[in-house]
Amino acid sequence: APHYFPGIQALRGLAAISVMLHHLDVMVNKEKYFGTELWIGLVAHGYRGVDLFFVISGFIMMLLAEKTARMRGVNTFIRARIIRIYVPYLSIFFALTLAYLAVPNITQSEYQLTLPGFLQNLFLIPREDLKTYVPVVAWTLSYEMMFYLIFSLIVLNAKRFFALFVLWQGICLYSLLNHGSLNSAVSILFDHYNLAFGVGVATYLLHNKIRKTLPNVVFAIGIVLYAALLYAAPPRLESVVYELFILLAFGALIGMCAKHKNTALEWIGNISYSLYLTHYPVIAAIFIFAFK
């Protein structure tokens, strides 16, 4: 992806920084630590970096489908994605499992490890209770793996099946409009996060209609608007209009900036997945030991 769209790495870096700062804000806000918002709540909505990650995923899936996946086959496509996402996760998962077994109270949330919970975390099975000892972002990987599977089954097999992809997105939109009224057992299949993936797919299909080269000032404006959206965001799902607006805004940001090089953010983007997996355990460890 960086070969075709170097700006994607920069945007990944931006998303990773947003999530990291949000989790830092969560820790700072705990009463047992500082009990205050970090930078006057400027990064309180940094969880929106997850939405940006999902939009980027949809964009990249279409790119890979066009450049490589059709030539190599669906099996190779899925295997490459599993290696890219799941294998690094396993290393962190087992390391944190050992840490938990050695020091059970390290979770700071009275978490009790059970065999079903262990298997859920091991295989990234969606769960309603997000209390865990594994990376707090593990739940988002369940969506990523689902995106890869659905994309492979629907989009890569034949063009006529693309209608099923549109139908899936329509059901997800219906769920959002009804504030997640679908049965909780199928919520991951049809909730609003899947719309972010669809926005990414649509952005790739439309990217040729957007100017391919833009001056630095446009990229800078995009970053400022992104920061403003994070700061001014209402609580999650409070406004359906806002939810859709921010997803479309992320799509526009990717479409405009995908080919824009930004060395600093690009470097962070290159290691963004490692940062994404490890940042919260590191932040938590620093706070635990500093305040012990």
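**View 1. Arg48 and Glu243, two buried charges that pair up.** Arg48 is buried, and so is Glu243; "buried" here is under 20% relative accessible area, "exposed" is over 50%, and "partly exposed" is in between (1.4 Å probe, protein chains only). The two side chains make a salt bridge, with their closest N and O atoms 3.2 Å apart. To count as a salt bridge, a side-chain nitrogen of Lys or Arg has to sit within 4 Å of a carboxyl oxygen of Asp or Glu. Arg48 lies in helix α2 and Glu243 in helix α10 (residues 240–257), so the pair ties together parts that are 195 residues apart in sequence. Helices (H or I, at least four residues) and strands (E, at least two) are DSSP runs, numbered from the N terminus. Keep in mind that this is a predicted model, where local features need pLDDT of at least 70 and side-chain atom pairs count only at pLDDT 80 or more, while totals for chains, interfaces and linings use all residues. Residues are numbered from 1 along each chain as its sequence is written, and side-chain values use heavy atoms, with hydrogens and water left out.

**View 2. Asp51 joins in.** Arg48 also meets Asp51 in a salt bridge, at 3.6 Å from N to O. Both of these residues are in helix α2 (residues 48–72), 3 residues or about one turn of the helix apart. Asp51 has 2% relative accessibility, so it counts as buried; Arg48 is down at 1%. The structure holds 2 salt bridges. Through shared partners, salt bridges link Arg48, Asp51 and Glu243 into one network.

**View 3. Helix α8, mostly tucked away.** With 11 of its 14 residues buried, α8 is largely enclosed by the rest of the structure. Among the buried ones are Tyr193, Phe197, Thr203 and Tyr204. Ala202, also in helix α8, is partly exposed at 33% relative accessibility. The C-alpha of Ala202 is 8.2 Å from that of Gly251, although the two are 49 residues apart in sequence. For confidence, α8 (residues 193–206) has the highest mean pLDDT of the chain's elements (91), while helix α9 (residues 216–232) has the lowest (66). pLDDT is the predictor's confidence in each residue, from 0 to 100. Where pLDDT is low, the predicted coordinates should not be read in detail.

**View 4. Helix α6 and its buried face.** Helix α6 (residues 162–177) has 16 residues and runs 23 Å from its first C-alpha to its last, close to the 22 Å expected; that expected span is 1.5 Å times one less than the number of residues. Phe165, Trp168, Gln169, Cys172, Ser175 and Leu176 are its buried residues. Looking down the axis of α6, these fall within an arc of 115°, so they line one face of the helix. The arc is that of the directions from the helix axis to the C-beta atoms.

View 5. Leu115, Leu119, Phe123 and Ile125 make up a nonpolar patch on the surface, with about 380 Å² of accessible area together. Patch members have over 30% relative accessible area and no salt bridge, with like charges joined within 9 Å and nonpolar side chains (Val, Leu, Ile, Met, Phe, Trp, Tyr) within 5 Å; areas come from the Shrake-Rupley method with a 1.4 Å probe, and for residues only the protein chains shown count as cover. Leu119 belongs to helix α4 (residues 115–122) and is partly exposed at 34%.
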